[in-house]
Each structure stands twice: as C-alpha cells, then as structure tokens.
Amino acid sequence: MAAIICLAIVAGTIALTGCPAEGENRKKKTATTNALINIDSSSLINHLAYLSSADMAGRETGTPGNQLAREYIVKIFDSLQLGKAGDSYLQTFPIGNDSSNQGTNIIGVIKGDQYKNNYIVITAHYDHLGTRSGDIYYGADDNASGTAALLAMARYFKEHPPKHSILFVAFDAEEKGLLGSKYFVSHAPIPLSAIIANVNMDMVSRNDSNEIYASGTKHYPFLKKYVDSVQVYTPVHILFGHDGEKTGIHDWTNQSDHFPFHQNQIPYLYFGVEDHADYHRPGDTFDKVNKSFYYQVCTMITAVASLLDRADMLQQTGTGQ
Ligand SMILES: [Zn+2]
C-alpha cells in the first residue's frame with residue numbers, strides 16, 4: 001500500500017503524507033496549480049483580440065500593422081516592468097540584402113531569484129502573412145495566440161518570481177523563414193550556454209478535439225516528465241510527436257522558432273495544435289478561436305514552464321540528464 005501511495009506521488013498526481021518525496025512533490029503540485037489558476041483570462045483574450053484585429057492587417061514584417069503589434073507588445077512589457085537585455089526591448093535585424101527592410105525581435109527579462117545566470121527562453125512569433133489581394137490574413141491562431149500567451153505568462157512570472165531567469169522573446173519574420181529566431185541565436189544578448197530550455201508557442205488556440213502537441217521530447221526525452229506531471233491537472237489532452245518519432249507523420253522539428261535553438265543543442269518544447277482548415281488562410285480569425293481551450297492551453301504551458309523553473313537539476317547539469 002505504501003509503495004502504491006509513493007508511486008502515485010512520484011507521478012505527480014497527489015500529495016500525500018508518509019512518503020520521503022512528499023515535500024518536493026508538494027512544491028511541484030503548488031507550482032503547477034498556481035499556474036493553472038493564476039493566469040488572467042480576460043487580459044489573455046483581450047491581447048488576442050487586439051493582436052488579431054483588422055488594425056494589424058496581418059502583421060507582416062515591415063508593415064505598419066506589424067509595427068502596431070510591436071508597439072503593443074512593448075507597451076505590455078513596459079507596464080509589467082520587464083527588464084531589458086540591452087538598452088532596449090528591441091533587437092533589429094536585416095531582411096535580405098535591402099538595408100531599408102528590417103525585422104524586429106522584442107526581448108524582455110525577468111531575473112531569477114536563485115539561478116539568475118541560467119535562462120529559460122519563452123518564445124512566440126508575432127508576425128504573420130499580412131494582406132494579399134485585399135484579404136487580411138488575421139493570423140489569430142498563427143500566431144497572435146502564442147504572442148498573447150507569452151504576454152500572459154510574463155505577467156504570471158512577474159507575480160510569481162522564478163528561480164531561473166526567464167527571457168520572453170516575441171520573434172519577427174518567422175513566416176519569412178524563421179529569420180527572427182535565427183538572428184536571435186546568432187546574436188543572443190546572453191551566452192547560448194546559459195539557456196537551459198526553449199519553450200516555443202506557435203498556434204495554440206484551436207482544436208476541435210481538445211488536443212495540443214508538446215513536440216520535441218523525441219530529441220530531449222528528459223523534458224517529457226514535466227509535461228506528464230501537468231497532464232493530470234488539465235482537461236487539455238497533451239499529445240507527443242511531430243518530432244520525427246514516426247515516419248509518415250509531418251516532422252515539425254524545423255517548422256517554427258524552436259529550430260534554431262535545437263540546431264544549437266538547446267533543449268526545446270514546442271507547443272502547437274494540428275493544422276486546421278484555416279491554416280495560412282484569411283479565415284484564421286479571432287471568432288473561431290476556442291476561448292476555453294485556449295485559456296486551458298495557456299495555463300498548462302505556464303505550469304510546464306513553472307515546473308521547469310523549479311527543477312534544480314536543470315541548473316546543475318544544463319540538460320537535466
Ligand atoms: Zn506560426
């Protein structure tokens with residue numbers, strides 16, 4: 001009986017007395033449930049509504065709509081009093097050979113109170129496809145959803161200070177070939193060796209089956225246990241895969257901004273839904289977002305990030321293995 005109880009605790013399902021791991025697991029449970037109940041749903045949805053509005057005109061890199069989105073993200077970073085990695089939240093980079101054309105990443109920092117020189121990097125791209133033949137590609141799911149989640153997570157971690165430092169990066173020019181994230185890893189404001197994990201969000205708000213993927217655990221199996229620990233607390237069904245584990249299934253390893261991190265041997269978790277009928281179409285609009293699913297996904301990812309942050313072994317070994 002005792003052994004069964006301890007197994008249940010190790011699985012992160014419940015905190016019971018009488019097991020040596022009790023204290024540690026209670027902390028884990030607290031970190032998880034804190035994240036699941038302390039995300040502000042109305043500000044999350046407001047961020048999403050604004051970023052996917054017609055004013056943004058699809059947020060294509062180099063357009064006024066993209067700039068409007070950037071100004072909004074900076075305004076939220078400012079209001080949260082996030083730190084800066086340099087003089088500014090902004091990291092500009094060239095697009096192609098035209099010097100007048102540039103992209104802009106937005107980088108905010110919350111310093112850890114225990115391991116301030118080790119970073120978790122939470123990312124989402126804010127650009128999308130813009131306006132074509134008069135049609136706005138709103139990109140509500142792709143990727144106003146990840147960007148709004150990033151803003152909500154920044155607020156959460158400001159209110160619940162992390163042990164490790166956290167970098168929040170809204171990438172530009174993902175749709176043009178991961179240009180923002182490629183530039184970031186080659187011109188990072190912190191040593192790449194100080195990054196213990198990347199948590200990337202790209203399309204996290206729509207799925208009719210209540211399912212989202214946590215991709216990347218094939219490459220970094222030690223990360224799976226953090227996702228598994230949260231599964232028991234969330235109604236969202238978390239799937240693994242799309243990382244080359246099975247032939248015949250689309251491999252997402254190089255499909256979003258986690259890829260440049262992976263190329264530098266930085267462990268990543270990529271959260272995203274299966275492609276849907278409005279993927280890269282004008283119909284990817286705010287009204288089609290499943291608000292309840294989206295909120296639960298956002299809290300779930302925050303809980304995973306919180307568990308990663310609480311894991312001392314990540315800091316000690318750099319890989320957790
Ligand atoms: Zn995307």
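Gly130 lies in strand E4 (residues 130-132); helices (H or I, at least four residues) and strands (E, at least two) are DSSP runs, numbered from the N terminus. The structure is a predicted model, in which local features need pLDDT of at least 70, side-chain atom pairs count only at pLDDT 80 or more, and totals for chains, interfaces and linings use all residues. Residues are numbered from 1 along each chain as its sequence is written.

**Surroundings of Gly130**

Gly130 is buried, because 20 other C-beta atoms lie within 10 Å. A residue counts as buried if 20 or more other C-beta atoms lie within 10 Å of its own, as exposed if 12 or fewer do, and as partly exposed in between, with C-beta atoms placed from the backbone. Leaving aside residues up to four places away in sequence, Gly130 touches Ala57, Gly58, Glu60, Thr63 and Tyr137; contact requires C-beta atoms, placed from the backbone, to lie within 7 Å. Between the C-alpha atoms of Gly130 and Val273, 143 residues apart along the chain, the separation is 21 Å.

**Strand pairing**

Two strands pair if DSSP finds at least two bridges between them. The table gives two such pairings.

| Strands | Sense | Bridges |
|---|---|---|
| E1 (residues 90-95) and E2 (residues 98-110) | antiparallel | 6 bridges |
| E2 and E6 (residues 164-171) | antiparallel | 5 bridges |

Gln91 has Asn105 in E2 as its bridge partner, and Val109 stands opposite Leu167 in E6. The hairpin of E1 and E2 has 2 residues between the strands, and in this hairpin Gly96 takes a positive phi near 65°.

**Helix H9**

Helix H9 (residues 291-310) has 20 residues and reaches 29 Å from its first C-alpha to its last, close to the 28 Å expected at 1.5 Å a residue. The expected span is 1.5 Å times one less than the number of residues in the helix. Since 16 of the 20 residues of H9 are buried, the helix is largely enclosed by the rest of the structure.

**Domains**

The domain assignment of the protein gives domain 1 (1-37) and domain 2 (40-317); such bounds come from an automatic or database assignment. Taken over C-alpha atoms, the centres of domain 1 and domain 2 are separated by 29 Å. Their contact takes 10 residues from domain 1 and 13 residues from domain 2.

**Confidence**

The mean pLDDT, the predictor's confidence in each residue from 0 to 100, is 89 for the protein, and 90% of its residues reach 70 or more. Over residues 1-20 the pLDDT is below 50, and this stretch has 28 contacts in the model beyond near neighbours in sequence. Where pLDDT is low, the predicted coordinates should not be read in detail.

Technical notes. Two residues are in contact if their C-beta atoms, placed from the backbone, lie within 7 Å.
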